[in-house]
Every structure is written in C-alpha cells, then in structure tokens.
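Please prepare a short briefing on the model shown below.

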Amino acid sequence: MRKALIVWGGWDGHQPEQVANIFRGQLEAEGFEVDVQDTLEAFRDVEYLKGLDLIIPAWTMGEIDQELVNNVSAAVQSGVGLAGCHGGMCDSFRKNVDWQFMTGGQWVAHPGNDGVRYTVEMCNTSSPLVDGIPNFEVSSEQYYLHVDPAVEVLATTRFPTVDGPHVLNKAVDMPVAWTKRWGVGRVYYNSLGHQANIMEIPEVMEMMHRGFLWCADGKAIALQSGEQGGTYTGMQDNQVN
C-alpha cells in the first residue's frame, strides 16, 4: 500500500484542515494509507519521511526549523513525491529559500485579492497531467509568483487582469501549475486553492488528483531504474534558524 503524509496548519484563512480532508479523500479512494497531521514535527523523522510515497504540505505563512526542511528535502531527493497547492506549498515559509528552491516558486502578490475572475489555460504539452482538461474560469485569488525557470509549466493565467503597479509592464502568462524534479523525486504545484470550495471545482480536483499520482509513482520508477537522489543539504548561510 502506498503511503502519504498530509501536514496542515498555518494561516486559517486558507482553510487548511478542510483542504487536507479533501486531499485525504482523494488519496484514500486510490488505496493510499494516509497520515494527516497538524504539526510540523511530522517532518522530524527523516527515515519515516523516506518511507513514504508522497508528502503534501498544506501550511501557509509559517516558520520552520531548518532541520525539518532538510528532512523533507532529503526524502524528496531520494524519490518521495512532493505535491501541493496555493499558499499551502508555495507560500509556506517565506523566510526559507531552501523550501522555495525545492518547490519551484514563491507567491509574491494576488492583485485584486479574492474574487478576481480569470481564465486558467492548459498548456500545449504532451504531459498526461493536463491531457483532456479544458480551459476554465475561476473566481478566486490570481497568484503572481516568482518561478524557477527549470519547471515544466502545465497551465497558465494571463496578467494583468485588474489594476495595480504591474499593469504597465507587458502582458505575461503566469504559471498556474507545474512540475519539476528534486533529486529523483517528483514535485507538483498548483496555485489554485485559496479555500476548500476552489479545490472542489471538477477541473481543479482532476489536476490535483493527477499531480498526486504522478508524484507518488515517481518513487517506484526511481527505485526500478536505480537512479540515485542528490545530497543537497541547503544553502550554507540558511542553516541558522
């Protein structure tokens, strides 16, 4: 049986417990054994983390011990998948650049705040993670992110949509969903999911469902291929908590 860990907490405005329960339901329907915890101490045992197939953070605007980031990083580098959404993964720990390097991006703004109507467009890609999913509109926060150029972008949204200091720049297609590798581990991120009702939109649920499975499958593939993960332990000047 595949094993997943969901760790939720941080800012309550993102309804992390409700989102965690939605994710748990998706994974249990796929036969996963799911451990749901509401403490970052869940990341303390690195050997436990390495025994998982998937880690899902649902934690916004927190602070974290560097050791815990190093443990998650080591697990993912070894082949464990890492997947999440919205601020629960790419605005988890604003002070920790190692977390941002691993996840592939960091939230910096959502012009217009909640309730902005915008389009999510699937990229023209061969990736099975978006195959057959149509473009769709959503009314929510539209995330502006600083993004790792190494990611594979799966879906985008067009800025500017509402007024702000960014509007005199040229129009940009901001990544909404992406994948990347961290060691031999697979990473998936989706910027949707301000609250639990967004996660229940069928297209969003399907995107997350595919992302979870893709990340979890990566561990078995890495083991079969004999690929070895990295040994990156973070920026030296980020090792002081």
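In which helix does Gln100 lie? Gln100 lies in helix H5 (residues 97-103); helices (H or I, at least four residues) and strands (E, at least two) are DSSP runs, numbered from the N terminus. This is a predicted model, in which local features need pLDDT of at least 70, side-chain atom pairs count only at pLDDT 80 or more, and totals for chains, interfaces and linings use all residues. Residues are numbered from 1 along each chain as its sequence is written, and side-chain values use heavy atoms, with hydrogens and water left out.

**Sheet**

- Nine strands make up an open sheet of mixed pairing, in the order S2-S1-S3-S4-S11-S10-S9-S6-S7; two strands pair if DSSP finds at least two bridges between them.
- Strand S2 (33-37) and strand S7 (136-140) are the edge strands, each pairing on one side only.
- On average, neighbouring strands of this sheet are turned by 20 degrees against each other, direction ignored. Axes are lines fitted to C-alpha atoms, for helices over the stretch in contact, and angles run from 0 to 180 degrees between N-to-C directions.
- Helix H1 (residues 16-29) packs on the sheet and touches strand S1 (3-10), S2, S3 and strand S4 (81-85). The direction of H1 makes about 170 degrees with that of S1. Contact here means heavy atoms within 4.5 Å.

**Strand S6**

- Strand S6 (residues 116-122) pairs with S7 in the antiparallel sense over five bridges. Within this pairing, Thr119 stands opposite Glu137, and Val116 stands opposite Ser140.
- S6 also pairs with S9 in the antiparallel sense, over two bridges, and Met122 stands opposite Ala155 in S9.
- In a regular strand the side chains alternate between the two faces of the sheet. The covered face of S6 holds Val116, Tyr118, Val120 and Met122, and the uncovered face holds Arg117, Thr119 and Glu121.

**Helices H1 and H7**

- H1 and H7 pack at an angle of about 60 degrees, with their axes 11 Å apart.
- The two helices, H1 and H7, are therefore oblique to each other. Angles under 35 degrees count as roughly parallel, over 145 as roughly antiparallel, 65 to 115 as roughly perpendicular and the rest as oblique.
- H1 passes H7 in a right-handed crossing; a crossing is left-handed if the near helix is turned anticlockwise from the far one by less than a right angle, and right-handed if clockwise.
- Ile22, Phe23, Gln26 and Leu27 of H1 meet Met205, Met208, His209 and Phe212 of H7.

**Nonpolar cores**

- The largest nonpolar core has 41 residues, of which Phe23, Leu27, Leu54, Val120, Tyr188 and Leu192 touch the most other members. Such a core is a set of buried Ala, Val, Leu, Ile, Met, Phe, Trp, Tyr and Cys residues joined through side-chain atoms within 4.5 Å.
- Helix H7 (residues 202-225) gives the most to this core, with eight residues.
- Apart from this core lies another of 32 residues, among them Leu5, Leu68, Val80 and Met102.
- Leu192 touches partners including Cys85, His86, Tyr118, Val120 and Phe136, not counting residues up to four places away in sequence.

- Gln100 is buried, with a relative accessible area of 18%. Buried means under 20% relative accessible area, exposed over 50%, and partly exposed in between (1.4 Å probe, protein chains only).
- Leaving out residues up to four places away in sequence, Gln100 touches Phe93, Arg94, Lys95, Gly105 and Gln106.
- Cys90, in helix H4, is buried, with a relative accessible area of 1%.
- Neighbours within four places in sequence aside, Cys90 is in contact with Thr103, Gly105, Gln106, Trp107, Leu145, Trp178 and Tyr189.
- Cys90 and Glu141 are 51 residues apart in sequence and 14 Å apart in space, C-alpha to C-alpha.

**Backbone features**

- A cis peptide bond, with omega about 0 degrees, joins Phe159 and Pro160. Pro160 is in the loop between strand S9 (152-159) and strand S10 (172-182).
- Met61 has a positive phi, near 50 degrees, in a residue other than glycine. Met61 is placed in the loop between strand S3 (54-60) and helix H3 (66-77) and is partly exposed, with a relative accessible area of 40%.
- His86 likewise has a positive phi near 50 degrees. His86 is found in helix H4 (residues 86-90) and counts as buried at 1% relative accessibility.
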